[in-house]
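Here is a short report on one protein model. Keep the sequence and the 3D view open as you read.

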Amino acid sequence: MSQRHNGGADNPRHLGRREWLSALGIGGIATLSGCVGGEDEEDEAGGDEDRDTYDTAAAASFETLNPIYNTENGAGNAIARALDQGYTFNEDNEVVPLLYDLSTEDGAVWTFEVRDNLEFSDPYGQVTAEDFVYLIQEVHQSDWANSAATINWGGVDVEQTGELEFQATLESPNLLWPETFDPLLYPIPRDLIEPYVEDEDVEGMQQDEELLELTFSGNLGPYVMDEWNRGSGTQYSRNDDYYLQEADDLPDEFDDAPYFEGGSITYLEEQSSRLGALETGEVDSAAIPPERYEEYDNRDDVYVNQVPTPYNTILSVNMRDNGWNTGPGNLFRYKEFRQAVNASISKQELIDGVYRGLAQPHYTWQPRFTDFYPGDDDLPQFGMGDEYGREFARDLAQEAIDQSEYDYEFDGDELVDPDGNQVELDIYHSAGQETSQLTAEFISEEMGENLGIDVNVEAIDGTRFGEEFWTADPAEDGLTDEVNGEEVSWDTDVSPGPNNPGPRSATSNEDWDMSIVYGLNTYPRNPLTNQVFFDGANAQYNPVGYYPEFDAESLFADMRQATDRDELISILEELFINLAEEQPYIMLLFSDDLIGYREGLEGPIENFSNGWDLPVWTYE
C-alpha cells in the first residue's frame, strides 16, 4: 500500500530534513542510514501455495508505530498493514483514491471527498471530514505538536465544506500536489487526540497506546495489528470488514480483499538471515544482492523481479575551488568537459560488466518510466553508440580547453597540464561496497583510455565523506559571484547552507575531484522538487558548485505558475533537455531493485508502483 513520503515546506525552494533523507545518499551506489530505499525497508511479498499468511522481514526494528510521528519507511510499511493513508498510485502512475478522492480545477484549491463507509474502532464511530481537518489544523499546523507532517501543511488554508468534504487552498497553484505526497493523511479520531491538543501534551500524544498499537483502526486497513513485540516485530490478522471491499471505483479483486488470513513482519538484521528465511519459506520476500541475482533467479521456489527506482548512479565532479586539484583552472566548470567525461565512459559496458545487465542508461534527470521524460530522440546520449569513445570524448574536451585561459592539451595518449604533466584526478567510492569499487575502477580505466587522465581510486567511509568532503560550513550571507553575466547573491532563505555553502569559493574541509559515494533522487512523480538541485547557482542543494548556463530559475518559476498539465510537461521537458546537455552531475545509470518472491505469488510487478495493490496479492 501507500508509503509515507514527505514533501517540501511552505517556501517553494525549501526542503525539510525528512525530504533530505529522501534526496541524499540515496539509491545509486550508497545509502545513508535512515534514507528512503535500501535494506532498512520492509521487503513486501507473498508466500507458498499452501500458506495462508503473508510474512515478511524488516532489517531494522521500529522506533514507533504512532502514525502521527513516524518518519521511518520500514515502520510506515508496518503501519500500512493495518491503516491506509488517503491515496496511492497505480502502475500507470495514476492517483488511486483510498480513504478520499482529490480533485482541483486550477491547482490552487483542492477538494477532498471522504468515502462514506470508513469506520474507526469503538467508541470513535464514522470517519468524517472533521477528523482530517482537526488533525491538520490542531496538530500538523500547530506550533507545539511537531508532527511528521507539519512541514507539509505550512501555508495551506484548510476548511471543512461538508460532513465528508473539505478543501485545501495552496499559497500558489501546484498541479502535482498529490505527487508531492503532502496531502497524504492518516485517519486519526478527533476524540482520541483532542485531550492532548487541549493540553498541548506532545509526550502524551507520542506515547498514547491506542496510537502506538493502532487499536483505533477499525475497518481502515486490510489487516488488524494483533501485537507489536518491540524486539521481534508485528503480528496481524485479516480485517474481515476492510472498507475497500465495497469500493466500486477499484478493480473487482478488492471485493474479497485481503486474501491472507494473517501475517507478520519479523525483525531480521542480517541480510544472510533474510535470504535464508526466503529460501526456507519463513518469509515470502527478500531483497536480492546483484551478485546473487542469477543464483536466485534460477531457483525453482523463488522468482526475482527487477523493479525500477528513481535513484541514480552519478559521477559527481567538484566545480568548487577545491576541485580539479591537478593544476590551475577547473575544467569541470565547462559543460563540454563534463560531456567529455560522460562520453568517455561506456554506459553499456558498465551496465553489462558491473551491474550484470540489471540497470538502465541515465541520460537526463528523469528515468524513462516517468511521464515527464522527453524521449531519447530529444536527448544527447553521452556514453552510448556514436557518442562514446576516444575521438568523440576528446573533441568535446578540446572545446572546453579552448575556452580555458590555461594551456591544457593532449600530448599523445595523455591529457597534460600547462607544465606538461599528465592530469591526475582522484575518485572516491564507498568503502566496503564491491559494486561501488568496481564502478570507480571502471571509470578510472575509461577516463584513462579515452581522455588520457590518470584517475586514482580511493575508498572512503560514507559518513566521513558527507561531513568532510560533500558538505561545508556555510559562508557568510551576502557573498556574490557572477553567473552568466549576472551577479548572484547567496543571501536567500535556502542558501548558504551545508549543502550549498556559497559561491564556488566556499569549500568543504577536504579537497576532492570526483565521487560516486552518493546518488540522488530524481523525483519522477513530482519533478518540480528538483528545484532544490537546479533552481540557480544558489539552489538549496549544490555541493558540487554547479552554475546553470540556461535560465533554470525562470523555468522553475513558470512551472510553479502552470495551470495546465500539458503546459507543465512542456516546461519540464525543456528543463530535462537542458540538464542532459549540461550534465551538472555525470549521469550514468539507474539500477533496479531486485526483489525475490516465493514462487506462486501473484501481484508483484516490475514497476515503480510495485505494492500499490498489496491487499489483493494472492497465490495461484
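## A strand hairpin

Strand 4 (residues 100-104) and strand 5 (residues 109-114) pair in the antiparallel sense, over five bridges. Two strands pair if DSSP finds at least two bridges between them. Helices (H or I, at least four residues) and strands (E, at least two) are DSSP runs, numbered from the N terminus.

Tyr100 stands opposite Val114 in strand 5. Four residues separate strand 4 and strand 5 in this hairpin. In the turn, Gly107 has a positive phi of about 80°.

## About the model

This is a predicted model: local features need pLDDT of at least 70, side-chain atom pairs count only at pLDDT 80 or more, and totals for chains, interfaces and linings use all residues. Residues are numbered from 1 along each chain as its sequence is written, and side-chain values use heavy atoms, with hydrogens and water left out.

## Cis peptide bonds

Asp122 and Pro123 are joined by a cis peptide bond, with omega about 10°. Pro123 sits in the loop between strand 5 and helix 3 (129-140).

Another cis peptide bond joins Ala257 and Pro258, with omega about -5°. Look for Pro258 in the loop between strand 9 (233-238) and strand 10 (262-267).

## Positive phi without glycine

Asn93 is not a glycine, yet its phi is positive, about 60°. Asn93 is in the loop between strand 2 (87-89) and strand 3 (95-97). Is Asn93 buried or exposed? Asn93 counts as buried because its relative accessibility is 17%. Buried means under 20% relative accessible area, exposed over 50%, partly exposed in between (1.4 Å probe, protein chains only).

Tyr523 also has a positive phi, near 50°. Tyr523 counts as buried, at 4% relative accessibility.
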